[in-house]
Amino acid sequence: MLRINNVKVHLNETDARNVIAAKLNIRKREIQDVKILRRSIDARRSKVFFNCSYAFSCAHEEALLAAHKELQPYVPYVYTYPQPTAKRVMVVGSGPAGLF
């Protein structure tokens, strides 16, 4: 999978494959498994748009990585939960953690 960051998307655009294909100048049908990783609104100027990051897969990923410097390999982060123990946690104080 590949990752592309900081893609400007119009507010009425709904198809992420169209946006990625236009940005990378490839065919829409070559793009598969699109995931939206991040989407924020940029309203600093008169034109408001989304600023998105996408993860997607493609048939020729190595060639795209070499041709476009804004692409990077994407490996999803997997969080491993720690095993529960018999130890107790004690918070001392009246700060934010102590009040919580």
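Me: Which backbone oxygen lies 3.2 Å from a polar atom of the side chain of His68?
Reply: That oxygen belongs to Leu24, and the pair counts as a polar contact because such a contact is a pair of N or O atoms within 3.5 Å, one able to donate a hydrogen and the other to accept it, with residues adjacent in sequence counting only if both atoms are side-chain atoms. This is a predicted model, in which local features need pLDDT of at least 70 and side-chain atom pairs count only at pLDDT 80 or more, while totals for chains, interfaces and linings use all residues. Residues are numbered from 1 along each chain as its sequence is written, and side-chain values use heavy atoms, leaving out hydrogens and water.

Me: Why is His68 called buried?
Reply: Its relative accessible area is 16%, and buried means under 20%, exposed over 50% and partly exposed in between (1.4 Å probe, protein chains only), so His68 qualifies as buried. His68 sits in the loop between helix H2 (61-67) and S4.

Me: What caps the N-terminal end of H1?
Reply: Asp15 does, with a side-chain oxygen 3.4 Å from the backbone nitrogen of Arg17. In H1 itself, which spans residues 16-24, the buried residues are Ala16, Val19, Ile20, Ala21 and Leu24; helices here are DSSP runs of H or I with at least four residues, and strands are runs of E with at least two, numbered from the N terminus.
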